[in-house]
Amino acid sequence: MTAGPNLFEQQARNRRLTVAWLLLFILFFAWLGFGGDLALYLAAASRTEGQVAYRFPWIGLVVTTIAAITAWVSWRKGPQQVLWSTGARELTAPQTFEEKQLVNVVEEMAIAAGLPRPRVYVIDDPDPNAFATGRDASTACIAVTTGLLAAVNREELQGVIAHEMGHVRNLDVRLMTLIASLVGVIVVLSNGMGRMLRGGNWLRGGKGKASGPLAAAALVVFVLWVITLILAPFISRIMAMAVSRDREYLADATGAELTRNPAALASALEKIETHEAPTTHIKEGAAHLCIADPLGRDVNLKEGRLADLLATHPPMVMRITRLKGMAFQQLKAAGQLPAT
Amino acid sequence: MGMIIFIVVLVVVLLWVVGAYNGLIALKNQTVNAWKQIDVQLKRRHDLIPNLVNTVKGSMEFEKDTLQAVIDARSKAMAGGGGVKETAAAEGMLSGALGKLFVVMERYPDLKSSQNVRDLQEELSTTENKIAFARQLYNDVATSYNTKQQQFPTNLVAGLAKAEIAELWEIEDKAERDVPAVDLSLKKPQG
């Protein structure tokens, strides 16, 4: 990389990645739902010498129905629940100078993005952090901690809000709310089906002897299915984290596009990073939404395979480096213009 | 057979014309709307300035010229009318005069510590920022509108949609045109 990725390339690349991850999520979901049916189907087929006795994928259908209902509820209620769990209060009538400034900065960024102004929330927590949630631009909410208001200056605050506005404009708020509800559903399903499995004698029973390659295949599929079912909560969280990491880079880039001032966001990130204390008011459930990992986990600081899997956020150093790169390109482009 | 092909082609062409026409109209409305956004913020600035002038007048006896420049620039900008270029020029003057006033105000510690002045200054700087961001959005939208109506084949229906080239808000003021300095060293700025 000599020139470094520019803004639009980064956006395009991130969009492709998101689509890929979402497809993977859907496939994973389908496997959880219909994998058991496949095992039962193969088992039934092996007993009846090729005649298909198991036609109706009832596990899949029941699972899909339960999942759809649960997902719908958390999709509608998710953003409010997240805000409620962090103890955020809405700024309807800003009182202090800092609060007025915050509302002003949010208004500025909404104008820059050409979107309606999101609702503004404040969390009483000394650690600097911020997040955005909602389903689309009209239901979007941006929350910042009082620690952030105290730590950064106006330009840096603008950078942070622009990053959050980037999440709103790129519809990350929708994606993350969707994924959070999917992860929740998968956890519920994993627990529920695990309990069901312990009570039943699944592959045996019925008439005829199970033998031949089909029976073996049934067993393999069944074992794989049970293993993924047990690991599902873990796997789905890893997938959610991967989506979240990609979106952080994209939001940094969009934020820079809105303010045309990548350096301010970079210096805000540096300030946020130096406060190592975890944001106590933000629980694990909302961690992937924040501008910096509120749990203060070390994995987010490292690069490498394991860190890539487990972190909700890309390494701060990488994000700051990329932003500084953009600032440099901006200067270079400005320098190349003939001075008129 | 020939008749059917002719009809199919006609329908396809008609559908395209409708689509292209509606696309142009949507862009035109977006441009008008983006311009209104700027207008709202400009009005807000014009309303705020008398407050600021009245508040600082007492403490800044010696800076009559700076204050007068702001007042003059404001009335010129409000009288304005005219097209994008005239508005841009008048508002650019006002931005310059206000910037100078803010610099001079730094020399008066009494003013800086007053809560009232601090609030007013925040209101004015957010309005300045909103004007800048609204202008940025307007220029982006207007550019895509202009490009669309000039590009083939959309330019064929441009006349039908009464599309005209939207004037961009060029930055006239030399000081404003200069790219703001970006601090690459990222030393800790004073919070």
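**Entry 1: contacts along chain A**

I looked up how far apart in sequence the contacting residues of chain A are: among contacts between residues at least 6 apart, 74% join residues at least 24 apart. Here two residues are in contact if their C-beta atoms, placed from the backbone, lie within 7 Å. I note that this is a predicted model, in which local features need pLDDT of at least 70 and side-chain atom pairs count only at pLDDT 80 or more, while totals for chains, interfaces and linings use all residues. Residues are numbered from 1 along each chain as its sequence is written, and chains are lettered from A and ligands numbered from 1 in the order in which they are written.

**Entry 2: elements of chain A**

I found 10 helices and four strands in chain A. They are DSSP runs numbered from the N terminus, with helices being H or I of at least four residues and strands E of at least two. Along the sequence I read the pattern α-α-β-α-β-β-β-α-α-α-α-α-α-α. Of the 340 residues of chain A, 44% count as buried. For that label, 20 or more other C-beta atoms lie within 10 Å of the residue's own; exposed means 12 or fewer, partly exposed is in between, and C-beta atoms are placed from the backbone.

**Entry 3: confidence in chain A**

I checked pLDDT, the predictor's confidence in each residue, from 0 to 100. Chain A has a mean of 77, and 78% of its residues reach 70 or more. Confidence is highest in strand S2 (residues 119–123) of chain A, at 94, and lowest in helix H9 (residues 305–310) of chain A, at a mean of 58. Over residues 1–5 of chain A the pLDDT is below 50, and this stretch has two contacts beyond near neighbours in sequence.

**Entry 4: cores**

I went looking for nonpolar cores, which are sets of buried Ala, Val, Leu, Ile, Met, Phe, Trp, Tyr and Cys residues joined through C-beta atoms within 7 Å. The largest has 106 residues, and Met109(A), Ile142(A) and Ala143(A) have the most contacts inside it. Helix H7 (residues 212–259) of chain A brings the largest share of this core, 15 residues. Leaving out residues up to four places away in sequence, I saw that Ala143(A) touches Leu83(A), Thr86(A), Ala88(A), Tyr121(A), Ile123(A), Ala130(A) and Phe131(A).

**Entry 5: chain B and its helix H2**

I counted seven helices and zero strands in chain B. Buried residues make up 24% of its 191 residues. I then turned to helix H2 (residues 64–79) of chain B, where Val70(B), Ala73(B), Arg74(B) and Ala77(B) are buried. Seen down the axis of H2(B), its buried residues fall within an arc of 100 degrees, so they line one face of the helix; the arc is that of the directions from the helix axis to the C-beta atoms. Helix H1 (2–57) and helix H3 (84–105) of chain B are included in what covers them. On the face of H2(B) turned away from its buried side I found the exposed residues Lys64(B), Asp65(B), Gln68(B) and Ala79(B).

**Entry 6: where the chains meet**

I noted that the contact takes 23 residues from chain A and 18 residues from chain B. Helix H3 (97–113), helix H8 (262–274) and helix H10 (316–336) of chain A are the elements giving two or more residues to the side of chain A that touches chain B. H3(A) gives the most, with eight residues.
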